Amino acid sequence: REFDDELVEQLDVLPEFVAACGFAYAKAPGYEADDFLAAAVAAEARRGGHALVASGDRDAFQLASERTTILQPVRAGEIARIGPAEVRERYGVEPGQVPDFIALRGDPSDKLPGAKGVGPKGAASLLKKYGSLEAALTDGFYPNQAAALRLYRRIATMDPAAPIPALPDQAPTWDKAAALARDWSLNRLADRLEELAKGPSASG
């Protein structure tokens, strides 16, 4: 991926802010943020626990399971809870088929054009019949786009093998995060974090 210089600067300081919030963070060459989410979900599954994944990226729908719920911001103050049933309702595919679905349908946010002439219904129908993008390609679909579609699927697939640190139980440290935000002159953010530090009663 190519990033604007301003975004690279933000990525350099983001770990400091995340640590100030009291959260674990991770980064490694060749991995994206989505991969670390997948790795954290996999780690929680191995522990037999339940995971909540807060993400506005619909790629995360592939993580939905009986033990993992995706919290997707819909509009100001509203959060949708996405499990397997919601993925099936929205896309017409199973969570594990989401990368195949995205590869076929395309995803403008990731600059993936998808298969030519294929929309959401066509992608879902093909996957319902064949089960996977690879099976459809093997049966002769999209011979001139096969390599590109495999690449799109790889881009859309979250890698649970990403290296993550230990994830102990921990409480947020909103006061430290607020102080850091204030130092950076992010005063509106600092105000919100200070409200969080005061606890639920502060927001009524």
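Student: What makes α2 stand out in the lining of the largest pocket?

Tutor: In this predicted model, α2 supplies eight residues, the largest share of that lining. The elements that each give at least two residues to the lining include α2 (33-46), along with α1 (5-20) and β1 (51-54).

Student: How many residues line the largest pocket, and which lie nearest its centre?

Tutor: The lining has 45 residues, and A24, Y25, A33, F36 and L37 are nearest the centre. The space in the largest pocket is about 1,800 Å³.

Student: How do you know where there is empty space?

Tutor: A probe the size of a water molecule is rolled over the atoms, and this shows where space is left empty.

Student: Why is P143 called exposed?

Tutor: Exposed means a relative accessible area over 50%. P143 has 65%, so P143 is exposed. P143 sits in the loop between α6 (133-138) and α7 (146-156).

Student: Q145 is in the loop between α6 and α7. Is Q145 buried or exposed, and why?

Tutor: Buried means under 20%. The relative accessible area of Q145 is 17%, and therefore Q145 counts as buried.

Student: Which residues is Q145 in contact with, leaving aside its neighbours within four places in sequence?

Tutor: G114, A115 and K116. Contact requires heavy atoms within 4.5 Å, so Q145 has heavy atoms within that distance of each of these residues.

Student: How far apart are P143 and G56, in sequence and in space?

Tutor: They are separated by 87 residues in sequence, and their C-alpha atoms are 33 Å apart.

Student: What share of the residues in the protein is buried?

Tutor: Buried residues are 36% of the 204. Each of them has a relative accessible area under 20%, because that is what buried means here.

Student: How much of the accessible surface belongs to carbon and sulfur atoms?

Tutor: Of about 12,700 Å² of accessible surface, carbon and sulfur atoms hold 53%.

Technical notes. Residues numbered from 1 in each chain as written. Predicted model: local features only at pLDDT ≥ 70, side-chain atom pairs only at ≥ 80, totals over all residues. Heavy atoms only, no water. Buried < 20%, exposed > 50% of the residue type's maximum accessible area, 1.4 Å probe, protein only. Areas by Shrake-Rupley, 256 points an atom, 1.4 Å probe, with all protein chains shown as cover. 1 Å grid on protein atoms, 1.4 Å probe; cavity = no way out; pocket = protein on both sides within 12 Å on 5 of 7 lines; lining within 4 Å. Points joined across faces, edges and corners; volume = space filled by probe spheres on them. Helix = DSSP H or I, 4+ residues; strand = E, 2+ residues; numbered from the N terminus.
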